[in-house]
Amino acid sequence: MSVVVGEKIGAAAVQQGPRRHCLDLDDYSAEEIEHVLNTAEAMQEILARPVKKAPGLRGKMVVNCFYESSTRTRVSFEVAAKNLSADVVNFSAGGSSVEKGESLIDTAKTLVALGANVIIIRHSMAGAPHVVARNTGAAVINAGDGRHAHPSQALLDLYTMRARIGRLSGLKVAIVGDALHSRVARSNVHGLTRMGAEVILCGPATLLPVKLQLPGMRFEHDLDAIIGEVDVVMPLRIQKERAEGGLIPSLREYRQRWGLTAARMARMRPDALIMHPGPMNPGVEIDPEVAVAPQSVIESQVTNGVAIRMALLYLLAGVAM
Amino acid sequence: MSPEDVRRALTRISHEIIEHNRGVRNLVLVGMRTRGIPLARRLAERLDEFEGVQVPVGELDITLYRDDIGMRSVQPLVGSTVIPVDVSGKTIVLVDDVLFTGRSVRAALDALIDYGRPKAIQLAVLIDRGHRELPIRPDYVGKNVPTSIEENVAVLLRETDGADGVEIRS
């Protein structure tokens, strides 16, 4: 089930007829992405109401199935489902029959037998959501699988850029850091290039997914060469293991060459946005004062995530089976 | 109905709204997407003309409140809702183009109540074509049009369709 990084897992093969699953953005057309973003805009209005609840998914059961730790994604999906009046069940591998050796497929089938209409799954193995989608009747949303994809995060990033800048087409977006191990970077590359934006993956050669080649994207090693020309800078979290594993010399040197420091921020265009998928390593890939600068939209990314996930749930869970 | 008929019906409804509510104090017009919105705006223009008061106009999308949600293979598009004022304590005039089964109005009532506790909700429609499936009745009607259940009533408005008019299509 493990998949070589850069290889296509084939979400398209799982989908037939009207869309049932959100597994990655590689099988979403530009129109479909646009439709999700427009639906999220309507959902955003619900979040501004005194009673943040609409009955759109009444009677539907949404299961949060997390085999990996998560704060914002799990809570965001839970809040989104509750805002649409769905019943939410949280399942985590620890303390479940997974510890007795139950397989992923059997666990998923059990959840469907218990009434799950939607399974939101995060798993350390790339392709795990696809396996669940193929083997159960539930709608499946990928909440992050291995290094492969994190479509709801990419959609909320697209939504945030469109809301702030007014368009996606023609934008120049720099994703900085460990794109090789990042499912967020991968899904953003698919989504952004599909919408006509240009993506620059910037970082040390050891951390760039050189097998990923799509029209509209390119690699760059020197952050200082591009910092002044981009519309969006998105640093990715640097894990300490990367330095220990020899992929980067040290966290200090990483910060010097690729960290979004106050000095680099000063060289950005004044209207450029600073984004971060979280969780942050302040002082490594982004300086603390940069994260709270006026150009930073990191907090709205989190809020927008709820609206995007409401849109995904509505579009996937509401349809007749 | 000709463009003139539509104009006269809206003018009469505006007078009825003023008469019934003894003025327009505390009134909010809420148009139901799609064609209820331009109708609500036109009523607001007349209320301003007759009473010299600008009545707030809201826009309501009922997609998430429909009772047939999840019964289709593709989800209908969710439109935006804009309620410009706190509805609590206000008299709301809900505006739609055609009143048919009453299910849209039922959904609209649920949606409105999520925004607060209005003092009262009244219903204004350009066309009442009958065939109610729920105990709902309009307060203001442009024209009663008896129809067979197979027929379609098409309300055309210049804002959305280029010209005003009402047609029965079978």
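Colleague: Where does A:Ser85 lie?

Modeller: A:Ser85 sits in the loop between helix H3 (72–83) and strand S2 (87–92) of chain A. Keep in mind that this is a predicted model.

Colleague: What is phi of A:Ser85 near?

Modeller: Phi there is near 70°. That is a positive value in a residue other than glycine.

Colleague: Is A:Ser85 exposed or only partly exposed, and why?

Modeller: A:Ser85 counts as partly exposed because it has 15 C-beta neighbours inside 10 Å. Exposed would need 12 or fewer.

Colleague: Which residue of chain B has phi near 70°?

Modeller: B:Asn26 has a positive phi near 70°, and it is not a glycine. B:Asn26 is in the loop between helix H1 (3–20) and S1 of chain B. With 14 other C-beta atoms within 10 Å, B:Asn26 is partly exposed.

Colleague: Staying in chain B, which residues does a cis peptide bond join?

Modeller: B:Arg33 and B:Thr34, with omega about 5°. B:Thr34 is in the loop between strand S1 (27–32) and helix H2 (36–51) of chain B.

Colleague: And which residues does the cis bond in chain A join?

Modeller: A:Gly278 and A:Pro279 are joined by a cis peptide bond, with omega about -10°. A:Pro279 belongs to the loop between strand S9 (273–274) and helix H12 (288–291) of chain A.

Colleague: How many residues of each chain are in contact?

Modeller: 17 residues of chain B touch 17 residues of chain A. On the chain B side there are seven nonpolar, seven polar and three charged residues.

Colleague: New topic. What are the domains of chain A?

Modeller: The domain assignment gives domain 1 (11–150 + 302–317) and domain 2 (152–300). Their C-alpha centres lie 25 Å apart.

Colleague: How many residues are in contact between those domains?

Modeller: 26 residues of domain 1 of chain A meet 22 residues of domain 2 of chain A. On the domain 1 side, H2, strand S4 (139–145) and H13 each supply at least two residues. H13(A) gives the most, with seven. That side divides into 13 nonpolar, seven polar and six charged residues.

Colleague: At what angle do H2 and H13 of chain A pack?

Modeller: H2 (residues 30–47) and H13 (residues 298–317) of chain A pack at about 115°, with axes 8 Å apart. The crossing of H2(A) and H13(A) is right-handed.

Colleague: Which residues make that contact?

Modeller: From H2(A), they include A:Val36, A:Ala40 and A:Met43. From H13(A), A:Val306, A:Ile308 and A:Tyr314 are among them. The contact residues of H2(A) and H13(A) divide into twelve nonpolar, two polar and no charged.

Colleague: How about H7(A): how many residues, and how far does it reach?

Modeller: Helix H7 (residues 183–194) of chain A has twelve residues and reaches 17 Å from its first C-alpha to its last. That is close to the 16 Å expected at 1.5 Å a residue.

Colleague: Why is H7(A) described as largely enclosed?

Modeller: Ten of its twelve residues are buried, so the rest of the structure largely encloses H7(A). The buried ones include A:Arg183, A:His190 and A:Leu192. They pack against several elements of chain A, including H2, S4 and helix H6 (151–165). Just after H7(A), A:Gly196 has a positive phi of about 90°.

Colleague: Last one. How many residues apart along the chain are A:Ser29 and A:Arg194?

Modeller: They are 165 residues apart along the chain, while 7.2 Å separates their C-alpha atoms. A:Ser29 is in the loop between helix H1 (11–14) and H2 of chain A. A:Ser29 counts as exposed, with 9 C-beta neighbours inside 10 Å.

Key:
Residues are numbered from 1 along each chain as its sequence is written. Chains are lettered from A and ligands numbered from 1 in the order in which they are written. This is a predicted model: local features need pLDDT of at least 70, side-chain atom pairs count only at pLDDT 80 or more; totals for chains, interfaces and linings use all residues. Two residues are in contact if their C-beta atoms, placed from the backbone, lie within 7 Å. Ala, Val, Leu, Ile, Met, Phe, Trp, Tyr, Cys and Pro count as nonpolar, Asp, Glu, Lys and Arg as charged, and the others, Gly among them, as polar. Axes are lines fitted to C-alpha atoms, for helices over the stretch in contact, and angles run from 0 to 180 degrees between N-to-C directions. Helices (H or I, at least four residues) and strands (E, at least two) are DSSP runs, numbered from the N terminus. A crossing is left-handed if the near helix is turned anticlockwise from the far one by less than a right angle, and right-handed if clockwise. Domain bounds come from an automatic or database domain assignment. The expected span of a helix is 1.5 Å times one less than its number of residues. A residue is buried if 20 or more other C-beta atoms lie within 10 Å of its own, exposed if 12 or fewer, and partly exposed in between; C-beta atoms are placed from the backbone.
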